[in-house]
Amino acid sequence: MAKARLPIEGERVRLRDVELADAELVDWLNDQKDVGGFNDFGLPTTPTPRDALGRGPLRNDYNGTLIVERLNNEPVGTVQWRAIQYGPPDGSRAWNIGIEIRPSARGQGLGAEAQRLLADWLFAATNANRVEAQTDIENIPEQRSLAKAGYTREGVMRGSQFRAGAYHDLVMYSRLRSD
């Protein structure tokens, strides 16, 4: 991954690397997930890998995690990305992103800004042409957030996610470098 500068700031939030001192914070944020919500897969949370954090940021050529914090340094969540290949050449790599925002910080536009900043940073740091995200078809707030962040709704992926004992439809959104 190329060296694009972090932190990256918007009008209300900043994205920055996760540091060893943040391990308990990230564990706490993971414990704030909505039980029974769209990101509840019934799996136990795993502790943040302190050994990996001791070696440097939680990001590499294939995936990563950043802290989302207000400009007053209050952490409100995390954003993550992972590589998706749509063909063998490196130019066919896209990024699939996800976000976790504390329930008390939702509905304020922080997630939309964080997802916009993450795509901007991934385009600056890599040669990828596409950043994509999926959300449950019933997760209307996240669909609004992605649209506000400049992502285009592409369609419905029927029965693609198994959660809470059933298959759920997801809506695919993307941003292209040219958007």
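Start at the hairpin of β7 and β8: two residues sit between the strands, and A164 there takes a positive phi near 55°. Before going on, keep in mind that this is a predicted model, where local features need pLDDT of at least 70, side-chain atom pairs count only at pLDDT 80 or more, and totals for chains, interfaces and linings use all residues. Residues are numbered from 1 along each chain as its sequence is written, and side-chain values use heavy atoms, with hydrogens and water left out.

Strands here are DSSP E runs of at least two residues and helices are H or I runs of at least four, numbered from the N terminus; two strands pair if DSSP finds at least two bridges between them. β7 (residues 152-163) runs antiparallel to β8 over eight bridges, with R153 standing opposite Y173 in β8. β8 also pairs with β6, again in the antiparallel sense, over seven bridges; there R130 has L176 as its bridge partner.

Now for the interior. A nonpolar core is a set of buried Ala, Val, Leu, Ile, Met, Phe, Trp, Tyr and Cys residues joined through side-chain atoms within 4.5 Å, where buried means under 20% relative accessible area (1.4 Å probe, protein chains only). The largest one has 31 residues, and L15 and L118 touch the most other members. Among the elements that each supply at least two residues are β6 (130-136) and β8 (166-176), while the largest share, nine residues, comes from α3.

L15's contacts (heavy atoms within 4.5 Å) include V68, V79, A114 and L118, leaving out residues up to four places away in sequence.

Key:
Buried < 20%, exposed > 50% of the residue type's maximum accessible area, 1.4 Å probe, protein only.
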